Amino acid sequence: MNITTEILAWEEWDMGDITFDGQYQLVVNTDSFFFYNNGRAQELKIYTDHPSGWYIESSEKPDWLVISPLSGNNPDESFEVTVSAEQMTTPLADRDGYFYIRSGRMKKRMKVYQSMEADLYIEVTPTTLIFRKSATSPKTVIVTKEPADQPVYFSSARLIQWLTTGGFPTDGQTDVTAYSF
């Protein structure tokens, strides 16, 4: 008996949530999203090998959810989709919902939840400072934080002693975003 086989790649692009209809596959990297009250954007990766591609069923999508793009027509191509929630305004109350991704006969339910809690977030750029003998100007670190009025505290445990003698930044500042060393 002659048998012809085809090997399907099931674990690609760090995407492991697979819906399979016996012929085609619809693959995503997650099946749920959690947002804080600011609704900061998150990434959804979608792959399908169905000839018609994929699309978001907008009739089921919560009106406070923003998704872009809403469809992809190129089969065998991975798409990066941005999913965000509108920032919550008063009165604040947790909210949840879902939306569907459709590809041919396949349908994937995606859960979304938005909390009224603030997103405590901090980003420091750059993460490394390099000092050379010939450098005359100080190095600057930009601190982005959410909520913006949160104080910034520094720990000098891992800093070299000569760096701190030039005036280590004051702890507890709320209105400064650039710190010089």
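Figure 1. Residues are numbered from 1 along each chain as its sequence is written, and side-chain values use heavy atoms, with hydrogens and water left out. Because the model is predicted, local features need pLDDT of at least 70 and side-chain atom pairs count only at pLDDT 80 or more, whereas totals for chains, interfaces and linings use all residues. Glu57 counts as buried because its relative accessibility is 12%; buried means under 20% relative accessible area, exposed over 50%, and partly exposed in between, with a 1.4 Å probe and protein chains only. Leaving out residues up to four places away in sequence, Glu57 touches Tyr100, Arg102 and Lys107, a contact being defined by heavy atoms within 4.5 Å.

**Figure 2. The open sheet that contains β5.** Five strands form an open sheet of mixed pairing, in the order β3-β10-β9-β5-β7; two strands pair if DSSP finds at least two bridges between them. The edges are taken by β3 and β7, each of which has a single partner strand, so one side of each is left without a neighbour in the sheet. Strands β5 and β9 pair in the antiparallel sense over three bridges, and the bridge partner of Tyr55 in β9 is Arg102.

Figure 3. A nonpolar core is a set of buried Ala, Val, Leu, Ile, Met, Phe, Trp, Tyr and Cys residues joined through side-chain atoms within 4.5 Å. The largest one has 21 residues, of which Leu44, Phe99 and Ile101 touch the most other members. Two or more residues each come from β2 (25-28), β3 (32-35), β4 (42-48), β5, β6, β8, β9 (95-103) and β10 (106-114), and β8 gives the largest share, four residues. With residues up to four places away in sequence set aside, the contacts of Ile101 include Leu26, Val28, Leu44, Ile46, Trp54, Tyr55 and Ile56, and also Met106, Lys107, Lys108 and Met110. In soluble globular proteins, nonpolar side chains tend to be buried together.

**Figure 4. Arg109 in strand β10.** Arg109 lies in strand β10 and is partly exposed, because its relative accessible area is 42%. Although Arg109 and Phe99 are 10 residues apart in sequence, their C-alpha atoms are 6.0 Å apart in space. Apart from its neighbours within four places in sequence, Arg109 is in contact with Asp31, Tyr98, Phe99 and Tyr100.

**Figure 5. Aromatic pairs.** Five aromatic pairs are found in a search of the whole structure; rings of Phe, Tyr and Trp (its six-membered ring) pair if their centres lie within 6.5 Å, and planes under 30 degrees apart count as stacked, over 60 as edge-to-face and the rest as tilted. The rings of Phe34 and Tyr36 form an edge-to-face pair, because their centres are 5.1 Å apart and their planes stand at 85 degrees. Phe34 is partly exposed at 40% relative accessibility, and Tyr36 is partly exposed at 33%. The rings of Tyr98 and Tyr100 are also edge-to-face, with centres 5.6 Å apart and planes at 75 degrees; Tyr98 is partly exposed, with a relative accessible area of 28%, whereas Tyr100 counts as buried at 17%. Ring pairs link Phe34, Tyr36 and Tyr113 into a cluster.

**Figure 6. Backbone features in three loops.** Most residues other than glycine have a negative phi, and most peptide bonds are trans. A cis peptide bond, with omega about -5 degrees, joins Ser68 and Pro69, and Pro69 is found in the loop between β6 and β7 (71-72). The peptide bond from Thr125 to Pro126 is likewise cis, with omega near -10 degrees, and Pro126 is found in the loop between β11 (121-125) and β12 (140-146). Asp76, a residue other than glycine, has a positive phi near 65 degrees; Asp76 lies in the loop between β7 and β8 (79-85) and counts as exposed at 53% relative accessibility.
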